[in-house]
Amino acid sequence: MKRSLILLAALALLLPAQSALARGTPAGTTITNQAKVVYTIEATEIELDSNSVAIVVGELIDVELAWQDATNILVKPGETDRILTFLLTNTGNGTERFLLSVDSEIGGDQFDPVNPRIYLDVDGDGEFDPAVDLPYNPADPPTLAAGAALIVFVLNDIPSGVDDGDRGISALAAESATGTGAPGTAFPGQGDGGVNAVVGASGGASAAQGIYQVSRVELTAIKSATVADPFGGSEPLPGATITYTIVVEVTGTAPANDVRVSDDIPEHTTYQGGTLRLDGAPLTDAADGDAGEVLGSVVTVRLGDLQDVTRTVTFQVVID
Amino acid sequence: MKKALTVLFTFAIIIAPLVAFAAVEITSQALVEVETVDEKGEKVVVREKATRVIPGTDVVFVNAYLNKGQEAADNVVIVNPIPEHMDYVEGSALGEETAITFSINGGQQFDAPQNLTVTEPDGTSRPAKAEEYTHIRWQRTSPLPPGQTGEVEFRARLR
């Protein structure tokens with residue numbers, strides 16, 4: 001119980017900031033109409049008010065759920081707790097509780113994410129924090145004031161044995177705890193403060209799908225060496241020059257981030273100054289802001305983020 | 001006690017002439033139109049008393065007036081502010097034997113819709129929208145004889 005109280009308090013804090021989305025006059029508002037008549041009898045002007053007629057605004061039940069991630073969530077086979085982010089908005093004019101459900105076993109994709117779970121962004125920061133954000137509890141569904149919004153996270157695990165580019169869909173659904181139905185369906189007396197509640201255009205329910213996409217990034221680095229001896233041959237004699245070539249190849253549907261090539265100068269050889277190249281273009285030996293340097297006996301070249309590309313690093317040493 | 005009695009007497013003296021003059025009464029009703037099927041199986045629109053309405057609903061406000069006095073009432077004018085949280089529905093104001101005008105400035109001035117303009121912050125002006133109307137005025141074009149009734153109405157949509 002204490003836990004749910006904390007949740008409600010946190011939600012209450014969250015709501016005012018986003019209440020600009022409120023649609024419609026708040027449920028329970030009393031609207032009055034009063035006309036007046038002005039007339040003249042024997043040159044005397046008389047003014048009289050009508051009775052005041054009052055109407056109470058009923059509750060319109062509406063909800064909107066939207067997937068928030070800008071792109072498919074890139075995943076690797078066997079990963080756990082991968083997060084999809086959704087936004088649940090009470091687009092009605094009254095306070096409503098919303099029941100949530102998730103289904104990851106739907107069609108239109110190449111694999112089914114497994115072990116789906118729903119979490120509420122209790123602190124409203126938009127980031128999933130397992131220490132703060134609570135799992136959705138069907139016995140205590142989130143309550144949103146008119147126009148208020150709540151970020152909802154869906155976590156799934158990714159099965160192993162999925163292929164690069166495969167997509168897996170997880171669908172989140174929300175429905176009003178008061179009820180759902182065709183627009184116009186009425187729930188007498190079940191709105192805020194006992195007013196009638198009526199289902200709006202959303203039917204009192206909304207669903208949204210989030211997509212995971214498998215990205216198996218493959219990175220290979222192949223090193224080769226060619227020898228040129230002082231006599232025009234290719235014997236590894238003292239004084240012979242060895243040209244090392246490192247070919248880095250990245251394949252897959254996602255980038256490999258911050259790729260860095262690091263290679264030790266072999267013993268009994270000496271690095272030949274000014275021979276470091278990236279894709280044939282010279283790099284200085286100093287650590288001076290370009291992509292590479294030679295410090296002591298270590299050659300380093302930073303290749304950055306690579307996707308579906310091949311990069312070639314070369315340098316030369318002379319056998320002592 | 002004596003003082004209170006004196007006050008009451010004073011009221012009685014003031015009220016008496018007013019009652020004699022207060023001959024025209026006005027009664028306001030709020031109605032919603034509901035589509036039902038009659039005995040012949042035909043769809044008919046029935047007006048019901050509006051008690052609870054949801055945003056987006058049109059409410060029909062009907063003001064019935066009656067001259068209960070002995071003399072004709074001249075210059076009969078009915079003014080109805082558009083209720084809070086509601087927008088006037090364009091073209092919905094009706095009233096026999098009345099000239100209907102609207103206000104967009106809280107009832108200070110009234111004019112026909114085509115003469116109502118709004119000046120934007122940048123200085124340009126445009127025709128006023130129906131939802132910008134604040135008041136409706138019905139001016140009877142003829143005196144209201146004793147015993148005669150009349151009715152004016154308009155629709156407004158709940159925001």
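**Close-up views of a predicted two-chain model**

In this predicted model, chain A has a mean pLDDT of 89, and 93% of its residues reach 70 or more.

View 1. Chain A holds one helix and 26 strands. Of its 320 residues, 30% are buried. Among the contacts in chain A that link residues at least 6 apart in sequence, 72% join residues at least 24 apart.

**View 2. The contact between chain A and chain B.** Chain A contributes 30 residues to the contact, and chain B contributes 35 residues. On the chain A side, at least two residues come from each of β1 (30–33), β2 (36–41), β3 (44–49) and β4 (53–57). With six residues, β2(A) provides the largest share of that side. Sorted by class, the side of chain A that touches chain B comprises 15 nonpolar, 13 polar and two charged residues.

**View 3. Strand pairing across the two chains.** Strand β4(A) pairs with strand β3 (residues 52–53) of chain B in the parallel sense, over two bridges. In this pairing, A:V57 has B:V53 of β3(B) as its bridge partner.

**View 4. The largest nonpolar core.** In soluble globular proteins, nonpolar side chains tend to be buried together. The largest nonpolar core of this model has 44 residues, and the members that touch the most others are A:V37, B:V24, B:V53, B:V59, B:A73, B:I78 and B:A156. Strand β12 (residues 149–158) of chain B gives the largest share of this core, four residues. Beyond its neighbours within four places in sequence, B:A156 is in contact with B:V59, B:F61, B:I82, B:P83, B:M86, B:D87, B:Y88 and B:V89. Another core, of 27 residues, lies apart from the largest one; its members include A:L120, A:V154, A:L155 and A:I169.

**View 5. An open sheet of three strands in chain A.** The strands of this sheet follow the order β5-β16-β15 (chain A), and their pairing is mixed. At the edges stand β5 (59–61) and β15 (186–187) of chain A; each has a single partner strand, so one side of each lacks a neighbour in the sheet. Strand β5(A) runs parallel to strand β16 (residues 197–199) of chain A, and three bridges join the two. Within this pair, A:I61 is opposite A:V199 of β16(A).

**View 6. Two residues with positive phi.** A:N115 is not a glycine, yet its phi is positive, at about 55°. This residue belongs to strand β10 (residues 114–120) of chain A. A:N115 counts as exposed because 12 other C-beta atoms lie within 10 Å. In chain B, B:E97 also is a residue other than glycine with a positive phi, near 55°. B:E97 sits in the loop between β7 (94–95) and β8 (98–103) of chain B. With 13 other C-beta atoms within 10 Å, B:E97 is partly exposed.

**View 7. The surroundings of A:L295.** A:L295 lies in strand β24 (residues 292–295) of chain A. This leucine has 10 C-beta neighbours inside 10 Å and so counts as exposed. A:D264 is 31 residues from A:L295 in sequence, and the C-alpha to C-alpha distance between A:D264 and A:L295 is 9.9 Å.

Terms used. Residues numbered from 1 in each chain as written. Chains lettered and ligands numbered in written order. Predicted model: local features only at pLDDT ≥ 70, side-chain atom pairs only at ≥ 80, totals over all residues. Contact = placed C-beta atoms within 7 Å. Nonpolar A, V, L, I, M, F, W, Y, C, P; charged D, E, K, R; others polar. Pairing = 2+ DSSP bridges. pLDDT = per-residue confidence, 0-100. Buried ≥ 20, exposed ≤ 12 C-beta atoms within 10 Å, placed from the backbone. Core = buried A, V, L, I, M, F, W, Y, C linked by C-beta atoms within 7 Å.
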